Amino acid sequence: MNQMVRYALIAGEKCRQTPVARPQNPAFLALQNQRRRLCFAPVDVFVLHRKTVQCRHARQTFVPVRALQTHASMIHETENSIAVPHLGGVSLSLERVNEEEHETPSPQTVTAPKAAPLWMPQRAIFTPAALEWEHGQAIFDRCEKLGIPTEKLKANRLTGLTQEDVRKTYAAAKRTLAVVVSPPSYLKLSPIPPSADWQFHVAEGCPAHCQYCYLAGSLSGPPIVRAFANLPQILENLVQYEDIKPNVAKPRGNSPTAERGREDSTSFEVSCYTDPLGIEHLTGSLAESIRYFGTRDKGFLRCVSKFDAVDELLTLPHNGQTRFRSSMNAEPVSRRLEGGTANVPARLQALRKLALPPERGGGGYPIGIVVAPIMPMDDWQAHYTKLLDEAAAALDFECDLIFELITHRFTPGSKDVLLQWYPNTSLDLDESKRDVKRNKFGGTKYVYPRELMKELKAWFYQEIETRFPDGKILYWT
Ligand code: SF4
(Lines give C-alpha, C1' and ligand atoms only; values in the text may rest on other atoms or scores of the structure.)
Protein backbone atom coordinates (compact mmCIF):
# COMPACT_ATOMS: atom_id res chain seq x y z
CA MET A 1 0.00 0.00 0.00
CA ASN A 2 1.22 3.48 -0.81
CA GLN A 3 0.19 6.49 1.08
CA MET A 4 -0.81 9.36 -1.13
CA VAL A 5 -1.72 12.81 0.06
CA ARG A 6 -4.43 14.59 -1.89
CA TYR A 7 -4.33 18.35 -2.25
CA ALA A 8 -7.11 20.72 -3.16
CA LEU A 9 -6.51 23.59 -5.48
CA ILE A 10 -7.90 26.71 -3.88
CA ALA A 11 -8.03 30.33 -4.83
CA GLY A 12 -5.50 32.50 -3.10
CA GLU A 13 -6.24 35.87 -1.57
CA LYS A 14 -5.32 37.75 -4.69
CA CYS A 15 -7.27 35.63 -7.09
CA ARG A 16 -8.72 37.76 -9.84
CA GLN A 17 -10.62 35.02 -11.62
CA THR A 18 -13.79 33.49 -10.28
CA PRO A 19 -14.10 30.00 -11.74
CA VAL A 20 -11.25 28.68 -9.69
CA ALA A 21 -11.24 25.69 -7.43
CA ARG A 22 -14.76 24.38 -7.45
CA PRO A 23 -15.15 20.77 -8.38
CA GLN A 24 -18.21 21.46 -10.49
CA ASN A 25 -16.58 24.47 -12.07
CA PRO A 26 -12.97 23.50 -12.63
CA ALA A 27 -10.29 26.01 -13.45
CA PHE A 28 -7.70 25.29 -16.05
CA LEU A 29 -4.55 27.26 -16.22
CA ALA A 30 -1.94 26.25 -18.74
CA LEU A 31 1.59 27.46 -18.61
CA GLN A 32 4.21 27.13 -21.23
CA ASN A 33 7.44 25.65 -19.95
CA GLN A 34 9.70 25.41 -22.97
CA ARG A 35 8.00 22.82 -25.11
CA ARG A 36 6.09 21.19 -22.28
CA ARG A 37 2.67 22.32 -21.17
CA LEU A 38 2.16 22.54 -17.47
CA CYS A 39 -1.43 22.04 -16.57
CA PHE A 40 -3.61 22.83 -13.62
CA ALA A 41 -6.78 20.78 -13.72
CA PRO A 42 -9.86 20.45 -11.46
CA VAL A 43 -9.77 20.80 -7.76
CA ASP A 44 -9.52 17.18 -6.74
CA VAL A 45 -6.98 15.86 -9.16
CA PHE A 46 -3.72 16.76 -7.51
CA VAL A 47 -1.58 14.36 -5.60
CA LEU A 48 1.54 15.46 -3.87
CA HIS A 49 3.97 12.64 -4.07
CA ARG A 50 7.34 13.54 -2.69
CA LYS A 51 8.19 16.76 -4.55
CA THR A 52 5.88 16.27 -7.45
CA VAL A 53 2.43 17.69 -7.96
CA GLN A 54 0.75 15.28 -10.26
CA CYS A 55 -2.28 16.03 -12.35
CA ARG A 56 -4.24 12.80 -12.41
CA HIS A 57 -6.53 13.75 -15.26
CA ALA A 58 -3.81 14.73 -17.67
CA ARG A 59 -1.56 11.89 -16.66
CA GLN A 60 1.25 12.78 -18.96
CA THR A 61 1.92 16.20 -17.55
CA PHE A 62 2.88 17.13 -14.09
CA VAL A 63 4.25 20.12 -12.36
CA PRO A 64 7.50 19.72 -10.52
CA VAL A 65 7.89 22.27 -7.79
CA ARG A 66 11.31 23.20 -9.09
CA ALA A 67 9.94 24.02 -12.53
CA LEU A 68 7.30 26.21 -10.95
CA GLN A 69 9.96 28.00 -9.03
CA THR A 70 11.58 29.15 -12.24
CA HIS A 71 8.32 30.83 -13.15
CA ALA A 72 7.26 32.04 -9.73
CA SER A 73 10.18 32.74 -7.50
CA MET A 74 7.77 33.67 -4.71
CA ILE A 75 6.56 30.12 -4.36
CA HIS A 76 5.84 29.30 -0.75
CA GLU A 77 6.15 25.73 0.32
CA THR A 78 5.35 24.33 3.74
CA GLU A 79 4.93 20.76 4.88
CA ASN A 80 1.21 20.88 4.16
CA SER A 81 0.77 23.30 1.34
CA ILE A 82 2.30 24.75 -1.73
CA ALA A 83 1.34 28.30 -2.59
CA VAL A 84 1.95 29.51 -6.10
CA PRO A 85 1.35 33.23 -6.08
CA HIS A 86 0.52 35.06 -9.25
CA LEU A 87 0.94 32.46 -11.88
CA GLY A 88 -0.49 33.92 -15.04
CA GLY A 89 -2.32 36.54 -13.00
CA VAL A 90 -4.00 34.04 -10.69
CA SER A 91 -2.94 33.33 -7.18
CA LEU A 92 -3.41 29.70 -6.31
CA SER A 93 -2.47 27.38 -3.56
CA LEU A 94 -2.70 23.69 -2.96
CA GLU A 95 -3.83 22.55 0.46
CA ARG A 96 -3.92 19.15 2.03
CA VAL A 97 -7.47 17.81 2.12
CA ASN A 98 -7.10 14.19 3.07
CA GLU A 99 -4.81 11.21 3.07
CA GLU A 100 -5.68 8.01 1.35
CA GLU A 101 -4.31 4.56 1.07
CA HIS A 102 -3.94 3.36 -2.48
CA GLU A 103 -3.36 -0.21 -3.51
CA THR A 104 -0.08 -0.81 -5.28
CA PRO A 105 -1.23 -1.21 -8.89
CA SER A 106 -1.46 -4.84 -9.90
CA PRO A 107 0.97 -6.03 -12.55
CA GLN A 108 -1.94 -6.03 -15.03
CA THR A 109 -2.63 -2.30 -14.64
CA VAL A 110 -1.70 -0.35 -17.74
CA THR A 111 0.42 2.68 -16.88
CA ALA A 112 0.36 5.70 -19.16
CA PRO A 113 3.66 7.16 -20.33
CA LYS A 114 4.77 10.04 -18.14
CA ALA A 115 7.61 12.16 -19.47
CA ALA A 116 10.34 13.32 -17.14
CA PRO A 117 10.23 17.04 -16.37
CA LEU A 118 13.16 18.81 -17.95
CA TRP A 119 15.64 19.55 -15.21
CA MET A 120 15.78 23.26 -14.37
CA PRO A 121 18.53 23.91 -11.84
CA GLN A 122 17.95 26.76 -9.45
CA ARG A 123 21.34 28.13 -10.33
CA ALA A 124 24.04 27.47 -12.86
CA ILE A 125 27.56 28.46 -11.93
CA PHE A 126 30.43 28.82 -14.38
CA THR A 127 34.13 28.87 -13.67
CA PRO A 128 36.35 31.30 -15.62
CA ALA A 129 38.19 28.35 -17.19
CA ALA A 130 34.91 26.82 -18.37
CA LEU A 131 33.85 30.05 -20.05
CA GLU A 132 37.07 30.06 -22.08
CA TRP A 133 35.67 27.08 -23.99
CA GLU A 134 33.09 27.67 -26.70
CA HIS A 135 31.12 24.71 -25.36
CA GLY A 136 31.07 26.27 -21.87
CA GLN A 137 29.84 29.53 -23.36
CA ALA A 138 27.14 27.61 -25.30
CA ILE A 139 25.89 26.04 -22.06
CA PHE A 140 25.85 29.48 -20.47
CA ASP A 141 23.74 30.82 -23.36
CA ARG A 142 21.30 27.89 -23.13
CA CYS A 143 20.82 28.47 -19.41
CA GLU A 144 20.23 32.18 -19.90
CA LYS A 145 17.70 31.47 -22.63
CA LEU A 146 15.82 29.12 -20.31
CA GLY A 147 15.74 31.73 -17.56
CA ILE A 148 18.00 29.77 -15.23
CA PRO A 149 19.88 32.13 -12.87
CA THR A 150 23.54 32.06 -13.91
CA GLU A 151 26.60 33.08 -11.97
CA LYS A 152 30.15 33.64 -13.25
CA LEU A 153 32.63 32.63 -10.57
CA LYS A 154 35.83 34.57 -9.95
CA ALA A 155 37.95 31.47 -9.40
CA ASN A 156 37.98 27.93 -10.73
CA ARG A 157 37.45 26.27 -7.35
CA LEU A 158 33.87 25.48 -6.34
CA THR A 159 33.20 26.48 -2.76
CA GLY A 160 30.25 26.94 -0.44
CA LEU A 161 28.40 23.82 -1.57
CA THR A 162 27.93 22.41 1.91
CA GLN A 163 24.91 23.38 4.03
CA GLU A 164 24.08 22.79 7.72
CA ASP A 165 23.22 19.11 7.28
CA VAL A 166 23.44 16.31 4.74
CA ARG A 167 19.79 16.55 3.63
CA LYS A 168 20.03 20.28 2.95
CA THR A 169 23.36 19.84 1.19
CA TYR A 170 21.83 17.09 -0.94
CA ALA A 171 18.75 19.19 -1.80
CA ALA A 172 20.78 22.26 -2.74
CA ALA A 173 23.33 20.22 -4.70
CA LYS A 174 20.63 18.52 -6.76
CA ARG A 175 19.43 21.97 -7.84
CA THR A 176 22.86 23.20 -8.89
CA LEU A 177 24.61 22.93 -12.22
CA ALA A 178 28.32 23.74 -12.22
CA VAL A 179 30.07 24.13 -15.54
CA VAL A 180 33.76 23.44 -15.12
CA VAL A 181 36.78 22.03 -16.93
CA SER A 182 37.24 18.34 -16.19
CA PRO A 183 40.20 17.37 -14.01
CA PRO A 184 43.27 16.45 -16.13
CA SER A 185 43.18 12.91 -14.69
CA TYR A 186 39.87 12.33 -16.54
CA LEU A 187 41.76 12.31 -19.81
CA LYS A 188 43.37 9.05 -18.70
CA LEU A 189 40.53 6.63 -19.35
CA SER A 190 39.58 3.68 -17.18
CA PRO A 191 38.04 0.40 -18.29
CA ILE A 192 34.44 -0.30 -17.40
CA PRO A 193 33.69 -4.00 -17.75
CA PRO A 194 31.29 -5.50 -18.61
CA SER A 195 29.49 -2.54 -20.19
CA ALA A 196 32.30 -1.17 -22.39
CA ASP A 197 36.04 -1.19 -22.98
CA TRP A 198 36.53 2.41 -21.81
CA GLN A 199 34.53 5.07 -20.06
CA PHE A 200 34.83 8.81 -20.54
CA HIS A 201 33.04 11.66 -18.82
CA VAL A 202 31.20 14.65 -20.25
CA ALA A 203 29.58 15.36 -16.88
CA GLU A 204 29.12 13.87 -13.45
CA GLY A 205 26.32 14.11 -10.90
CA CYS A 206 22.72 13.53 -11.87
CA PRO A 207 19.47 15.47 -11.54
CA ALA A 208 17.38 12.35 -10.81
CA HIS A 209 16.73 10.90 -7.36
CA CYS A 210 17.09 7.12 -7.56
CA GLN A 211 17.17 5.76 -4.05
CA TYR A 212 19.61 3.01 -5.01
CA CYS A 213 21.79 5.45 -6.98
CA TYR A 214 25.06 4.01 -8.22
CA LEU A 215 26.76 7.33 -7.61
CA ALA A 216 26.35 7.12 -3.83
CA GLY A 217 29.78 6.40 -2.46
CA SER A 218 31.41 6.73 -5.90
CA LEU A 219 31.53 10.52 -6.14
CA SER A 220 32.89 12.60 -3.34
CA GLY A 221 31.36 15.81 -2.04
CA PRO A 222 27.86 17.24 -2.50
CA PRO A 223 26.08 15.64 -5.49
CA ILE A 224 25.92 18.70 -7.73
CA VAL A 225 25.82 18.20 -11.48
CA ARG A 226 29.13 19.15 -13.06
CA ALA A 227 29.14 19.53 -16.83
CA PHE A 228 32.51 19.65 -18.54
CA ALA A 229 33.14 22.59 -20.83
CA ASN A 230 36.26 21.13 -22.48
CA LEU A 231 34.22 18.66 -24.53
CA PRO A 232 36.31 19.02 -27.74
CA GLN A 233 39.42 18.06 -25.74
CA ILE A 234 37.60 15.12 -24.13
CA LEU A 235 36.47 13.78 -27.51
CA GLU A 236 39.82 14.32 -29.26
CA ASN A 237 41.51 12.39 -26.49
CA LEU A 238 39.53 9.24 -27.31
CA VAL A 239 41.31 8.50 -30.60
CA GLN A 240 44.39 7.13 -28.88
CA TYR A 241 42.27 4.52 -27.06
CA GLU A 242 40.61 3.11 -30.17
CA ASP A 243 43.45 0.63 -30.73
CA ILE A 244 44.02 -0.30 -27.09
CA LYS A 245 42.16 -3.02 -25.25
CA PRO A 246 42.02 -2.56 -21.48
CA ASN A 247 43.97 -5.00 -19.38
CA VAL A 248 41.00 -6.57 -17.61
CA ALA A 249 39.58 -10.08 -17.53
CA LYS A 250 37.32 -10.71 -20.51
CA PRO A 251 33.76 -10.41 -19.26
CA ARG A 252 31.65 -13.54 -19.37
CA GLY A 253 28.95 -13.57 -22.03
CA ASN A 254 28.87 -11.32 -25.08
CA SER A 255 31.03 -8.26 -24.64
CA PRO A 256 29.73 -5.02 -26.16
CA THR A 257 32.69 -5.14 -28.54
CA ALA A 258 32.20 -8.76 -29.59
CA GLU A 259 28.50 -8.28 -30.23
CA ARG A 260 29.37 -5.91 -33.06
CA GLY A 261 31.11 -8.81 -34.80
CA ARG A 262 34.28 -6.75 -35.20
CA GLU A 263 37.15 -7.61 -32.92
CA ASP A 264 39.01 -4.49 -34.06
CA SER A 265 36.37 -2.18 -32.62
CA THR A 266 36.47 -0.51 -29.24
CA SER A 267 33.51 0.49 -27.12
CA PHE A 268 33.25 3.72 -25.12
CA GLU A 269 30.65 4.35 -22.43
CA VAL A 270 29.76 8.02 -22.06
CA SER A 271 29.40 9.32 -18.54
CA CYS A 272 28.34 6.58 -16.18
CA TYR A 273 28.47 9.16 -13.39
CA THR A 274 25.47 11.07 -14.68
CA ASP A 275 22.47 10.56 -16.91
CA PRO A 276 23.69 12.32 -20.05
CA LEU A 277 20.18 12.65 -21.53
CA GLY A 278 18.80 14.10 -18.29
CA ILE A 279 20.98 17.21 -18.74
CA GLU A 280 21.17 17.26 -22.53
CA HIS A 281 18.77 20.20 -22.93
CA LEU A 282 21.35 22.27 -21.00
CA THR A 283 24.63 20.82 -22.25
CA GLY A 284 24.19 19.42 -25.76
CA SER A 285 27.17 17.17 -24.92
CA LEU A 286 25.48 13.87 -25.74
CA ALA A 287 24.50 15.05 -29.23
CA GLU A 288 28.05 16.27 -29.80
CA SER A 289 29.45 12.89 -28.69
CA ILE A 290 27.04 11.05 -31.00
CA ARG A 291 28.08 13.27 -33.92
CA TYR A 292 31.74 12.64 -33.13
CA PHE A 293 31.36 8.86 -33.03
CA GLY A 294 29.37 9.05 -36.27
CA THR A 295 32.68 10.02 -37.92
CA ARG A 296 34.63 7.10 -36.40
CA ASP A 297 35.08 3.60 -37.72
CA LYS A 298 36.55 1.51 -34.89
CA GLY A 299 35.33 3.45 -31.90
CA PHE A 300 31.66 3.27 -31.01
CA LEU A 301 29.61 4.85 -28.33
CA ARG A 302 27.29 3.42 -25.69
CA CYS A 303 25.01 5.52 -23.53
CA VAL A 304 22.24 4.75 -21.09
CA SER A 305 19.42 6.83 -19.66
CA LYS A 306 16.23 6.86 -17.61
CA PHE A 307 14.97 9.98 -19.40
CA ASP A 308 12.89 10.26 -22.53
CA ALA A 309 13.53 13.59 -24.29
CA VAL A 310 15.08 12.04 -27.39
CA ASP A 311 13.52 14.11 -30.19
CA GLU A 312 16.65 16.19 -30.73
CA LEU A 313 18.73 13.05 -31.18
CA LEU A 314 16.65 11.45 -33.92
CA THR A 315 18.18 13.23 -36.88
CA LEU A 316 21.82 13.19 -35.77
CA PRO A 317 24.35 11.59 -38.14
CA HIS A 318 25.15 8.66 -35.82
CA ASN A 319 25.98 6.20 -38.63
CA GLY A 320 25.11 3.27 -36.41
CA GLN A 321 28.09 4.10 -34.16
CA THR A 322 26.00 4.79 -31.04
CA ARG A 323 23.98 2.25 -29.13
CA PHE A 324 21.39 3.98 -27.00
CA ARG A 325 20.18 1.92 -24.05
CA SER A 326 17.36 2.67 -21.74
CA SER A 327 17.50 1.54 -18.14
CA MET A 328 14.24 -0.14 -17.18
CA ASN A 329 12.72 -1.78 -14.16
CA ALA A 330 9.53 -3.35 -12.91
CA GLU A 331 6.86 -0.78 -12.12
CA PRO A 332 7.03 -1.04 -8.27
CA VAL A 333 10.79 -0.37 -8.32
CA SER A 334 10.58 2.42 -10.83
CA ARG A 335 7.61 4.13 -9.17
CA ARG A 336 8.94 3.93 -5.62
CA LEU A 337 12.64 4.44 -6.14
CA GLU A 338 13.37 6.40 -9.32
CA GLY A 339 12.36 9.99 -8.55
CA GLY A 340 12.66 12.65 -11.25
CA THR A 341 12.93 10.20 -14.15
CA ALA A 342 10.55 9.37 -16.99
CA ASN A 343 8.33 6.44 -16.16
CA VAL A 344 9.04 3.15 -17.87
CA PRO A 345 6.30 3.43 -20.54
CA ALA A 346 7.73 6.84 -21.52
CA ARG A 347 11.25 5.36 -21.71
CA LEU A 348 9.91 2.59 -23.94
CA GLN A 349 8.28 5.12 -26.24
CA ALA A 350 11.59 7.00 -26.41
CA LEU A 351 13.45 3.79 -27.25
CA ARG A 352 10.90 3.02 -29.93
CA LYS A 353 11.46 6.43 -31.53
CA LEU A 354 15.21 5.96 -31.45
CA ALA A 355 15.05 2.51 -33.03
CA LEU A 356 12.40 3.08 -35.69
CA PRO A 357 13.92 3.48 -39.14
CA PRO A 358 14.21 7.09 -40.37
CA GLU A 359 11.59 6.46 -43.06
CA ARG A 360 9.12 5.82 -40.24
CA GLY A 361 10.17 8.98 -38.41
CA GLY A 362 12.66 7.32 -36.07
CA GLY A 363 16.37 7.63 -35.45
CA GLY A 364 17.47 4.20 -36.73
CA TYR A 365 19.77 3.70 -33.73
CA PRO A 366 20.98 0.35 -32.42
CA ILE A 367 19.32 0.16 -29.02
CA GLY A 368 19.42 -1.75 -25.75
CA ILE A 369 17.46 -2.41 -22.61
CA VAL A 370 19.37 -2.46 -19.37
CA VAL A 371 17.20 -4.12 -16.74
CA ALA A 372 18.64 -2.69 -13.56
CA PRO A 373 18.75 -3.05 -10.69
CA ILE A 374 16.81 -6.30 -10.75
CA MET A 375 15.07 -6.84 -7.41
CA PRO A 376 13.07 -9.91 -6.41
CA MET A 377 10.18 -8.02 -4.78
CA ASP A 378 6.86 -9.77 -4.00
CA ASP A 379 5.35 -11.08 -7.22
CA TRP A 380 8.54 -10.29 -9.10
CA GLN A 381 7.78 -12.68 -11.96
CA ALA A 382 4.45 -10.96 -12.66
CA HIS A 383 5.96 -7.47 -12.48
CA TYR A 384 8.93 -8.28 -14.72
CA THR A 385 6.62 -10.17 -17.10
CA LYS A 386 4.64 -6.96 -17.48
CA LEU A 387 7.84 -5.03 -18.19
CA LEU A 388 8.99 -7.49 -20.86
CA ASP A 389 5.53 -7.64 -22.43
CA GLU A 390 5.38 -3.85 -22.64
CA ALA A 391 8.90 -3.77 -24.13
CA ALA A 392 7.89 -6.35 -26.75
CA ALA A 393 4.78 -4.31 -27.61
CA ALA A 394 6.80 -1.07 -27.94
CA LEU A 395 9.50 -2.72 -30.07
CA ASP A 396 7.21 -4.63 -32.41
CA PHE A 397 9.43 -4.14 -35.48
CA GLU A 398 12.81 -5.37 -36.60
CA CYS A 399 15.55 -3.59 -34.69
CA ASP A 400 19.09 -4.06 -33.45
CA LEU A 401 18.43 -4.78 -29.77
CA ILE A 402 20.58 -6.06 -26.91
CA PHE A 403 19.88 -6.68 -23.21
CA GLU A 404 22.05 -6.16 -20.16
CA LEU A 405 20.87 -7.60 -16.85
CA ILE A 406 22.15 -6.20 -13.57
CA THR A 407 20.96 -7.29 -10.13
CA HIS A 408 20.87 -4.98 -7.17
CA ARG A 409 23.95 -4.79 -4.99
CA PHE A 410 25.35 -2.35 -2.46
CA THR A 411 28.50 -1.69 -0.49
CA PRO A 412 28.81 -0.54 3.13
CA GLY A 413 29.85 2.89 1.80
CA SER A 414 26.95 3.26 -0.64
CA LYS A 415 24.45 2.13 2.01
CA ASP A 416 25.77 4.77 4.35
CA VAL A 417 25.42 7.58 1.84
CA LEU A 418 22.01 6.41 0.57
CA LEU A 419 20.58 6.32 4.06
CA GLN A 420 21.72 9.89 4.61
CA TRP A 421 20.23 11.04 1.31
CA TYR A 422 17.00 9.00 1.63
CA PRO A 423 16.45 8.26 5.33
CA ASN A 424 12.91 6.96 4.72
CA THR A 425 13.73 4.75 1.79
CA SER A 426 11.93 1.45 1.32
CA LEU A 427 14.96 0.05 -0.49
CA ASP A 428 15.98 -3.27 1.02
CA LEU A 429 19.54 -2.85 2.32
CA ASP A 430 19.52 -5.72 4.79
CA GLU A 431 22.95 -7.39 4.73
CA SER A 432 21.62 -10.51 6.44
CA LYS A 433 19.62 -11.38 3.30
CA ARG A 434 22.66 -11.13 1.03
CA ASP A 435 25.85 -12.94 0.14
CA VAL A 436 29.10 -11.07 0.57
CA LYS A 437 31.35 -10.68 -2.44
CA ARG A 438 34.91 -9.44 -2.01
CA ASN A 439 37.10 -7.92 -4.68
CA LYS A 440 40.87 -8.23 -4.98
CA PHE A 441 41.39 -4.94 -3.15
CA GLY A 442 39.48 -6.18 -0.09
CA GLY A 443 36.29 -4.23 -0.91
CA THR A 444 32.95 -5.77 0.04
CA LYS A 445 29.64 -5.78 -1.74
CA TYR A 446 26.34 -7.39 -0.88
CA VAL A 447 24.61 -9.37 -3.61
CA TYR A 448 21.61 -11.71 -3.67
CA PRO A 449 22.28 -15.27 -2.49
CA ARG A 450 23.59 -17.70 -5.10
CA GLU A 451 20.41 -19.82 -5.38
CA LEU A 452 18.21 -16.77 -5.83
CA MET A 453 20.61 -15.37 -8.44
CA LYS A 454 20.42 -18.66 -10.35
CA GLU A 455 16.63 -18.59 -10.28
CA LEU A 456 16.46 -14.97 -11.41
CA LYS A 457 18.98 -15.47 -14.18
CA ALA A 458 17.26 -18.58 -15.59
CA TRP A 459 13.91 -16.80 -15.53
CA PHE A 460 15.15 -13.66 -17.30
CA TYR A 461 17.07 -15.56 -19.98
CA GLN A 462 14.08 -17.72 -20.78
CA GLU A 463 11.54 -14.90 -20.82
CA ILE A 464 13.72 -12.61 -22.93
CA GLU A 465 14.57 -15.34 -25.42
CA THR A 466 10.88 -16.19 -25.79
CA ARG A 467 9.86 -12.63 -26.56
CA PHE A 468 12.96 -11.38 -28.36
CA PRO A 469 14.46 -14.26 -30.35
CA ASP A 470 16.81 -11.80 -32.11
CA GLY A 471 17.69 -9.75 -29.03
CA LYS A 472 21.10 -10.67 -27.65
CA ILE A 473 21.70 -10.79 -23.91
CA LEU A 474 25.14 -9.33 -23.32
CA TYR A 475 25.68 -10.24 -19.72
CA TRP A 476 24.16 -10.98 -16.34
CA THR A 477 25.70 -9.63 -13.22
FE1 SF4 B 1 21.72 7.79 -10.01
FE2 SF4 B 1 21.34 6.87 -12.52
FE3 SF4 B 1 19.26 7.49 -10.99
FE4 SF4 B 1 20.83 9.41 -11.90
S5 SF4 B 1 19.52 8.07 -13.14
S6 SF4 B 1 20.04 9.25 -9.81
S7 SF4 B 1 22.83 8.40 -11.85
S8 SF4 B 1 20.77 5.85 -10.62
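Colleague: Which residues is Ile473 in contact with, leaving aside its neighbours within four places in sequence?
Modeller: In this predicted model, Ile473 is in contact with Phe403, Leu405, Tyr461 and Ile464.

Colleague: How far apart are the C-alpha atoms of Ile473 and Tyr461?
Modeller: They are separated by 7.7 Å. Along the chain, Ile473 and Tyr461 are 12 residues apart.

Colleague: And where does Ile473 sit, in which strand?
Modeller: Ile473 belongs to strand β26, which covers residues 472-476.

Colleague: Why does Ile473 count as buried?
Modeller: Ile473 counts as buried because it has 20 C-beta neighbours inside 10 Å, and the cut-off for buried is 20 or more.

Colleague: Let's zoom out. How many helices and strands does the protein chain have?
Modeller: The chain has 12 helices and 26 strands. Of its 477 residues, 37% are buried. Taking the contacts with a separation of 6 or more, 72% are between residues 24 or more positions apart.

Colleague: What about confidence, what is the mean pLDDT of the chain?
Modeller: The mean pLDDT is 80, and 76% of the residues reach 70 or more.

Colleague: Where does pLDDT stay under 50?
Modeller: That happens over residues 1-103. For this stretch the model has 174 contacts beyond four places in sequence.

Colleague: New topic, the open sheet. In what order do its 5 strands come?
Modeller: The order is β11-β10-β12-β17-β15, and the pairing is mixed. At the edges are β11 (150-152) and β15, each of which pairs on one side only.

Colleague: Then on to β17: is its pairing with β12 parallel or antiparallel?
Modeller: Strands β12 (residues 176-180) and β17 run parallel, joined by 4 bridges. Here Val179 has Ala227 as its bridge partner.

Colleague: Which way does β15 pair with β17, parallel or antiparallel?
Modeller: Strand β15, residues 203-204, pairs with β17 in the antiparallel sense over 2 bridges. Ala227 turns up again here, as Ala203 stands opposite it.

Colleague: What do strands of a sheet pair through, by the way?
Modeller: In general, they pair through backbone hydrogen bonds, either parallel or antiparallel.

Colleague: Back to β17, which of its residues point one way and which the other?
Modeller: β17 covers residues 225-228. Val225 and Ala227 point one way, Arg226 and Phe228 point the other way, and all are buried.

Colleague: Last one, the ligand. Which residues surround it?
Modeller: The residues around the ligand are Cys206, Ala208, His209, Cys210, Cys213, Tyr214, Leu215, Asp275 and Lys306.

Colleague: How many residues of that shell are nonpolar, polar and charged?
Modeller: The shell around the ligand has 6 nonpolar residues, 1 polar residue and 2 charged residues.

Notes:
Residues numbered from 1 in each chain as written. Predicted model: local features only at pLDDT ≥ 70, side-chain atom pairs only at ≥ 80, totals over all residues. Near = placed C-beta within 6 Å. Nonpolar A, V, L, I, M, F, W, Y, C, P; charged D, E, K, R; others polar. pLDDT = per-residue confidence, 0-100. Contact = placed C-beta atoms within 7 Å. Buried ≥ 20, exposed ≤ 12 C-beta atoms within 10 Å, placed from the backbone. Pairing = 2+ DSSP bridges.
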